[in-house]
Amino acid sequence: MKNLIVISHPLVKRDLTLLRNEKTPNNQFRSILRRTSTLMAYEVTRKLPLKEISVNTPLEKTKGNVVAKSVVLVPILRAGLGLVGGFVEVIPDARVGHIGLYRDEETLRPVDYYFKVPRNLKQALVLVLDPMLATGGSGAAAISYLKQKGAKSIIYVSLVAAPEGVRKIVKDHPDVIIYTCALDRELNSKGYILPGLGDAGDRIFGTE
Ligand code: PRP
Ligand code: URA
């Protein structure tokens, strides 16, 4: 699908299988998701621009690199928090914003309750983190908000995506690239991804 990149690393596939398993308890779900998010961060940041610098090794001076673009992570609460740790591990100087959205269970429309993002989004690469891309309502709303705040370069990072959600993001935000670890089959009548992994927020935080 247009603008969609599926991460197919074997270790990601192994972890996603563990995350899908209904028998995986909350504590393991959380730590596996963190590990997977490190691998996802590695794939998502492949094209980060670099600046050349010089560095003194114990033996001589040589050329090295620093990352030339600031990175802002924006998890969508709550489930997006499950991806932050792994991304921060590999991008330790990333700044982190938060967007609070939940889906109304009847209408499936996103309801917003919290926004706090760093300044100077215009120059940054903004990575929106949310494990589940279902109808795409939450993701599209989060991206619109970030654009209002000046973001110009946005990547949407999900663990599992439904075709409906990908279509929604592509339609509303054709400039945004979506990464996911699996493009699943469809949504059920309650807006859950099939086969999916259930309610990600509940599984991370033990609220089911
Ligand atoms: C889940 C998920 C996404 C949203 C996806 O959040 O984490 O944010 O649903 O659905 P959509 O693509 O149809 O908008 P939820 O509303 O369950 O809130 P939570 O993370 O606080 O559990
Ligand atoms: N949110 C989730 O946590 N899981 C789904 O399958 C859909 C939306």
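Predicted model: local features only at pLDDT ≥ 70, side-chain atom pairs only at ≥ 80, totals over all residues.
**View 1**
Ligand 1 is surrounded by 15 residues, and the closest of them are R103, D130, T135, G136 and S138. Sorted by class, the shell around ligand 1 holds six nonpolar, five polar and four charged residues. The pocket in which ligand 1 sits is the largest one. Elements that contribute two or more residues to the shell around ligand 1 are strand β6 (98-103), strand β9 and helix α4 (137-148).

**View 2. Polar contacts between the protein and oxygen atoms of ligand 1, made by A79, G136 and S138.**
In the case of A79, a backbone N or O atom lies 3.1 Å from an oxygen atom of ligand 1, while for G136 a backbone N or O atom is found 2.8 Å from an oxygen atom of the ligand. S138 takes part through its side chain, with a polar atom there lying 2.5 Å from an oxygen atom of ligand 1. Ligand 1 taken alone would expose 500 Å², and the protein buries 90% of that.

**View 3. The residues around ligand 2.**
The shell around ligand 2 consists of R103, M132, A134, G191, Y192, I193, G198, D199 and A200. By class, these residues comprise five nonpolar, two polar and two charged ones. The space that ligand 2 takes is the largest pocket. R103, listed here around ligand 2, also belongs to the closest residues around ligand 1.

**View 4. Polar contacts of ligand 2 with the backbone of I193, G198 and A200.**
A backbone N or O atom of I193 stands 2.8 Å from an oxygen atom of ligand 2, and a polar backbone atom of A200 likewise lies 2.8 Å from an oxygen atom of the ligand. At G198, a polar backbone atom is 2.8 Å from a nitrogen atom of ligand 2. Of the 240 Å² that ligand 2 exposes when taken alone, the protein buries 89%.

**View 5. An open sheet of three parallel strands.**
The strands follow one another in the order β9-β11-β13, with parallel pairing. Because β9 (132-133) and β13 (182-183) each have a single partner strand, they stand at the edges, and one side of each is left without a neighbour in the sheet. Strand β9 is joined by two bridges to β11 (residues 160-161), and these two strands run parallel. Within this pair, M132 stands opposite V160 in β11, and M132 is also one of the residues around ligand 2.

Methods
Residues numbered from 1 in each chain as written. Chains lettered and ligands numbered in written order. Heavy atoms only, no water. Near = heavy atom within 4 Å. Polar contact = N/O pair within 3.5 Å; in protein donor to acceptor, adjacent residues only side chain to side chain. Areas by Shrake-Rupley, 256 points an atom, 1.4 Å probe, with all protein chains shown as cover. 1 Å grid on protein atoms, 1.4 Å probe; cavity = no way out; pocket = protein on both sides within 12 Å on 5 of 7 lines; lining within 4 Å. Sits in = over half its atoms within 2 Å of the grid points. Nonpolar A, V, L, I, M, F, W, Y, C, P; charged D, E, K, R; others polar. Pairing = 2+ DSSP bridges. Helix = DSSP H or I, 4+ residues; strand = E, 2+ residues; numbered from the N terminus.
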